[in-house]
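Subject: Structure handover

Hello,

My notes on what turned up in it follow below.

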Amino acid sequence: DSQRYKYHFVFGPRIAESPIMEGPDYTPNIEEILRADPDVILTMQQAVIQPLEERGLPVIFLAWREPEDIRRVIRLLGEVFGETERAEAYLAYFDEAVERVRQRVADLPPEERVRVLYIDPQTMANTHLITEWWIEAAGGVSVTKAIHVSESVSVTLEQVLAWDPDVIVVRTKEDAEVLRRDRRFAALRAVQSGRIHVTPTGAHLWAHRTSEQPLTVLWAAKTFYPDRFTDLDLAEEAQRFYADFYGVDLTDEQIAEILASGM
């Protein structure tokens, strides 16, 4: 989806002229990879490691499921790219952002915390375990937490209706429209109250495995508890984040577009 991921070409302009190294199903394009003769290959797909290593290609698998995975991955990437100081600065910001939110919602009793469902309503699945972490880090209660023990979890309509979440977060505006228009979801309090939210997309969907995760927590916290985060300027946070860690100065209009993709 070149339109959804158009900021790839802003953060990495050379991508536009680069050969395609994998298919939409994550199958590696071995011929192009061999032609590129990389010093190292980074992947989040375990299935591609063996065919690449069998051809003598150096592969690093990046696990990104839990907060500690993120810490290890960023430090590793700092070493790989010779950017250890930037990696440590990123982790410091990560910790600060999460702690800032934790302190702001610390006094909320469990019964007053919003109950959140992250889902693709067209497949009735959540394919990213990391969502359980950021929902909780933002002060929410994930209704799928007890059953989401592997990367992907599927749910039934009956389960969703029984959970009746306060807030539903989805990937795209199309997913949000499915929830609003499909009569099967009409009785849900999140649908009736209009608390269906689309995750912003910059380098990647903020809700998924991305280095933008600190922004995810800040965005989710402000989305879940707008009255508690009236002073949180997400545009300012995002602009500074991309400048500091991506080395790209985005305009006010570009930042607004990224945030608007999640409205």
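**The sheet**

Strand β7 (residues 167–170) runs parallel to β8, and three bridges join the two. One of the residue pairings is Val 170 with Val 198, its bridge partner in β8. Please keep in mind throughout that this is a predicted model.

**Thr 210**

Thr 210 sits in the loop between β8 and α10. Is Thr 210 buried or exposed? Its relative accessible area is 5%, so it counts as buried, the cut-off being under 20%. The side chain of Thr 210 makes a polar contact of 2.6 Å with that of Glu 212. Leaving aside residues up to four places away in sequence, Thr 210 touches Trp 64, His 204, Leu 205 and Tyr 246.

**Helix α11**

Tyr 246 leads on to the next element, as it lies in helix α11 (residues 234–246). α11 has 13 residues. From first C-alpha to last it reaches 17 Å, close to the 18 Å expected at 1.5 Å a residue.

Both ends have a local feature. At the start of α11, a side-chain oxygen of Asp 233 comes to within 3.1 Å of the backbone nitrogen of Ala 235. Gly 247 follows the helix, and its phi is positive, near 70°.

Which residues of α11 are buried? They are Leu 234, Glu 237, Ala 238, Phe 241, Tyr 242 and Phe 245. Viewed down the helix axis, these buried residues fall within an arc of 125°, so they line one face of α11. They pack against α1, α5 (84–105), α10 (213–224) and α12 (252–260).

**Aromatics**

The structure holds 15 aromatic pairs. One of them is Phe 11 with Tyr 246, in an edge-to-face arrangement. The ring centres are 4.7 Å apart, with 65° between the planes. Phe 11 belongs to helix α1 (residues 8–11) and Tyr 246 to α11, so the pair ties together parts that are 235 residues apart in sequence. Phe 11 is buried, at a relative accessible area of 18%.

Both rings also belong to one aromatic cluster. Its members are Tyr 7, Phe 11, Tyr 90, Tyr 93, Phe 94, Trp 133, Phe 241, Tyr 242, Phe 245 and Tyr 246.

Best regards

How values were computed: Residues are numbered from 1 along each chain as its sequence is written. This is a predicted model: local features need pLDDT of at least 70, side-chain atom pairs count only at pLDDT 80 or more; totals for chains, interfaces and linings use all residues. Side-chain values use heavy atoms; hydrogens and water are left out. Rings of Phe, Tyr and Trp (its six-membered ring) pair if their centres lie within 6.5 Å; planes under 30 degrees apart count as stacked, over 60 as edge-to-face and the rest as tilted. Helices (H or I, at least four residues) and strands (E, at least two) are DSSP runs, numbered from the N terminus. Buried means under 20% relative accessible area, exposed over 50%, partly exposed in between (1.4 Å probe, protein chains only). The expected span of a helix is 1.5 Å times one less than its number of residues. The arc is that of the directions from the helix axis to the C-beta atoms. Contact means heavy atoms within 4.5 Å. A polar contact is a pair of N or O atoms within 3.5 Å; within protein, one must be able to donate a hydrogen and the other to accept it, and residues adjacent in sequence count only if both atoms are side-chain atoms. Two strands pair if DSSP finds at least two bridges between them.
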